[in-house]
Amino acid sequence: MTALLPRRGLAQILALIVILAVDRAVSPQFFDLRLQDGRLFGSLIDVLNRGTPVALLSLGMVLVIATRGIDLSVGAVMAISGAIAASLADSHGLPIVLAAALGAGLLCGLWNGFLVSVLGMQPIVATLILMVAGRGIAQLITEGRIVTFSSPDLVWLGNGAVLGVPVPVAIALGMLILTGAVVRGSALGLLIEATGGNARASELAGVGTRAMIMAVYVWCSICAALAGVIAAADIMGADANNAGLWLELDAILAVVIGGTSLFGGRFSLVLAVLGALIIQTMNTGILLSGYPPEFNLLVKAVVVLAVLLLQSPKLSGFGSIVARLRRTKA
Amino acid sequence: MTLKALFAATATGALLLALPASAAQLTIGFSQIGSESGWRAAETSVSKQEAAKRKVNLKIADAQQKQENQIKAIRSFIAQNVDAIFLAPVVSTGWDAVLKEAKEAKIPVVLLDRDIDPSGKDLYLTAVTSDSVHEGEVAGDWLAKTVGAKACNIVELQGTVGASVATNRKKGFDTAIAKHPNLKVVRSQTGDFTRAKGKEVMESFIKAEGGGKSICAVYAHNDDMMVGAIQAMKEAGLKPGKDILTVSIDAVPDIFKAMVAGEANATVELTPNMAGPALDAVAAFKDKGTVPQKWIQTESKLYTAADDPQKIYDSKKGLGY
């Protein structure tokens, strides 16, 4: 039974299925897929493609939250890396563009990590600094304009396809596998969870908590920088005022929907990405439904509330059934 | 000492004013909001050009989106005894006190681009703004004329929900097409005035309308959303500008680039030249005492592929959009 039913994640999978069913009801062609210029085309692909930035952000965010931290600067980091990528795209090759954009992400992560782990600032305040200043930096780079480019390499990163799968989706999947392999393939994940569970006890037990905290902020910013490059490649331009705007909140929401507690400790990469997909499935459904836009945020709030209630062990009869099943198995 | 300098400056100013009007160079202070968008940057550079054309000495103060900075700038313009003050108000209320000071100093104030709270109508000479309802009407009229009698399903990309510009541009467009029963808005969603959201929303419109085959035209409340929508149409294998007509508002350089490529059909200009009409009004007021109307509406000019989009693109791209 436990092999069929994952120990965690049942609520999230159920929520995704329900939202997919609702999407199918409001838009009968939701599951239709066809090839268009060598690229899969359909609403499901839109969900994956549009969900990529938040999925990438949530990959980094979930590690930060697991250490009992939070990173509010990811949206601003997206704007910075997008601005850098767009400014360099037409004069430099793709490797240099990527190195510069991701390098900027690395620096942002080191800055956040320094403030939190070395200076001991509260994460929410420490990353708020870059959230505000970062967008200003991005606007300085673009001089307040939308910087457009035509470099086919960078455009491919946003609009190309690998075996029919959009490149952004392939990148997000690759990052999920990479992060999972590094974090779960070694004791690193356990050490991160220990840091978040009780930093002092972990420190005394010999865990390098400072290094752990530094590492998760750096990884989070690199993921954000990658998301920023993809977002810029998608619209063939960097819009410093709007790129990644408020996406930090979507990323935190994705992590929370994925069942990771804001108080740190246990985390799940796959469920965080699933959380991002749940958010995007809902967004795409709202767009397809044809309701007036005034309802968008209201519908979103109700669905999020429902998903979180579904996870609440006290409120959901479903949770208690699963618990009883587990007890009988054990 | 500063007072003495001020007296000296005023005395020189009075002497200059006493000379024949043609010899006096107008000095005008312009309190600009700050760099909030590409359009704002273009407005600033066009204002400089227009002032230079008329040999007016234009002093621009950047308020960095803060009302208190604008009030400070206006007070310093009054202290410098400028001939007129241009104000692009960052918010609509809270101007009464400082505008009264300007009135007492007999310095006319002209509002640019945005109006202020109605209680202050007698506190300024005139307001130069565009009419966003009219912009929507121009877009709707063009579409109705272009489509003719055949049935046309329109999808609409709205601006940010609750923004007055979005509400007005929707209202104007709806009024214009209401006279033509063959035109119908089948889907309308917000694209938040951004390229990324414009693209995402257009992707969903295409899926929802049978791969886009039943869509005859797209109307976007600004050009940026249309640029995103054009990409979405191309990725879906549609030909924007041919299979699907496009009309949007603002006339930013990139939409002319799309027009050159045959991927966009029409745009309605929100002119960055608010200073030109304002300078003319001030000059007339100073020379002949002509009091202008309370509202000078700028022209909402329609541009299509027939207007040499390449030339317009070249002329606009340096303005800082």
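Two strands are taken to pair if DSSP finds at least two bridges between them. Helices (H or I, at least four residues) and strands (E, at least two) are DSSP runs, numbered from the N terminus. The structure is a predicted model, in which local features need pLDDT of at least 70 and side-chain atom pairs count only at pLDDT 80 or more, whereas totals for chains, interfaces and linings use all residues. Residues are numbered from 1 along each chain as its sequence is written, and chains are lettered from A and ligands numbered from 1 in the order in which they are written.

In chain B, 6 strands form an open sheet with parallel pairing, in the order 2-1-3-4-5-11. Strand 2 (57-62) and strand 11 (295-297) of chain B each have a single partner strand and stand at the edges, so one side of each lacks a neighbour in the sheet. Neighbouring strands of this sheet are turned by 20° against each other on average, direction ignored; axes are lines fitted to C-alpha atoms, for helices over the stretch in contact, and angles run from 0 to 180 degrees between N-to-C directions.

Within the sheet, strand 4 (residues 109-112) and strand 5 (residues 126-129) of chain B pair in the parallel sense over 3 bridges, and B:Leu112 stands opposite B:Val128 of strand 5. Helix 2 (residues 38-53) of chain B packs on the sheet and touches strand 1 (27-32) and strand 2 of chain B, its direction making about 165° with that of strand 2.

Contact (C-beta atoms, placed from the backbone, within 7 Å) links 26 residues of chain B with 25 residues of chain A. Helix 7 of chain B gives the most to the side of chain B that touches chain A, with 9 residues.

Notes. Two residues are in contact if their C-beta atoms, placed from the backbone, lie within 7 Å.
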